[in-house]
Amino acid sequence: MSIPGTDLKFRRLEADDAQAMHTLEKCCFSLPWTAEQCRAAFRQPAFAAFGLMAGAELAAYISFYHTADELEILNLAVSPARRRQGLGRRVLAMALQVAEKMGIRKSLLEVRESNIPAIGLYESAGFRQMGRRRNYYRSPDEDALIYARLANV
């Protein structure tokens, strides 16, 4: 699916995209998945990833695990060269639309308390803070905020 007014195409990612996912993660996260970890995730039936492609370049992607009624968002990454273009918002909205078409009503994610841009993005998409997971990240004093969203199905 093309996004009008852009050079971007939205598509489901496959194991062949693992290296591109890893390369993008290295630019965005302090603990990126390796390409092999990405490939291993694709071998799990509950895993899915979608990306915004600019030709052969992976401009943004989102990955998640899902059950019949719940989506757990794992990672959302946007290429540093394409930040401030609203790609995070677009890939999140498109993935949530896919989930709704699958009949998934509830979406969950964990976010660092210090990640103000991500919190703003998720809140603008209808996610609300539902709890806190103490000492979730490697730093013993860093909690994860748990956000949830119910779909309009």
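Predicted model: local features only at pLDDT ≥ 70, side-chain atom pairs only at ≥ 80, totals over all residues.
**Figure 1. D7, E57 and R82 are linked in a network of salt bridges.** The network of salt bridges has D7, E57 and R82 as its members. A search of the whole structure finds seven salt bridges, and the next three views visit some of them.

**Figure 2. R11 and D17 meet through their side chains.** In this view, the salt bridge between R11 and D17 has an N to O distance of 2.9 Å. Are the two partners buried or exposed? R11 counts as partly exposed, because its relative accessibility is 32%. D17, in contrast, counts as buried, with a relative accessibility of 12%.

**Figure 3. E100 and R149 join distant parts of the chain.** The closest N and O atoms of this salt bridge, formed by E100 and R149, are 3.5 Å apart. Where do the two residues sit? E100 belongs to helix 3, while R149 belongs to strand 7 (residues 144–150), and the two are 49 residues apart. With 25% relative accessibility, E100 is partly exposed. R149 has a relative accessible area of 13%, so this residue is buried.

**Figure 4. A salt bridge connects E113 with R132.** Look for the closest N and O atoms of this pair, which lie 3.1 Å apart.

**Figure 5. Strand 2 is mostly covered.** How many of the residues in strand 2 (residues 47–54) are buried? The count is eight of eight. In a regular strand, side chains alternate between the two faces of the sheet. For strand 2, one side carries F47, A49, G51 and M53, and the other carries A48, F50, L52 and A54. All of these residues are buried, so both faces of the strand are covered.

**Figure 6. Strand 2 pairs with strand 1 and with strand 3.** Strand 1 (residues 8–12) runs antiparallel to strand 2, and five bridges pair them. Here R11 returns: its bridge partner in strand 2 is G51. The pairing of strand 2 with strand 3 (residues 57–66) is also antiparallel, over eight bridges. Within this pairing, Y65 of strand 3 stands opposite F47. Strands 2 and 3 form a hairpin with two residues between them. In the turn you can find G55, which has a positive phi of about 65 degrees.

**Figure 7. The largest pocket holds about 1200 Å³ of space.** Which residues are closest to the centre of this pocket? Of the 33 residues that line the pocket, these are F29, N75, L76, N115 and A118. Several elements each supply at least two lining residues: helix 1 (18–28), strand 4 (70–78), helix 3 (87–101), strand 5 (106–112) and helix 4 (116–124). Strand 4 gives the most, with seven residues. Sorted by class, the lining has 18 nonpolar, six polar and nine charged residues.

Conventions:
Residues numbered from 1 in each chain as written. Heavy atoms only, no water. 1 Å grid on protein atoms, 1.4 Å probe; cavity = no way out; pocket = protein on both sides within 12 Å on 5 of 7 lines; lining within 4 Å. Points joined across faces, edges and corners; volume = space filled by probe spheres on them. Helix = DSSP H or I, 4+ residues; strand = E, 2+ residues; numbered from the N terminus. Nonpolar A, V, L, I, M, F, W, Y, C, P; charged D, E, K, R; others polar. Salt bridge = Lys/Arg side-chain N within 4 Å of Asp/Glu carboxyl O. Buried < 20%, exposed > 50% of the residue type's maximum accessible area, 1.4 Å probe, protein only. Pairing = 2+ DSSP bridges.
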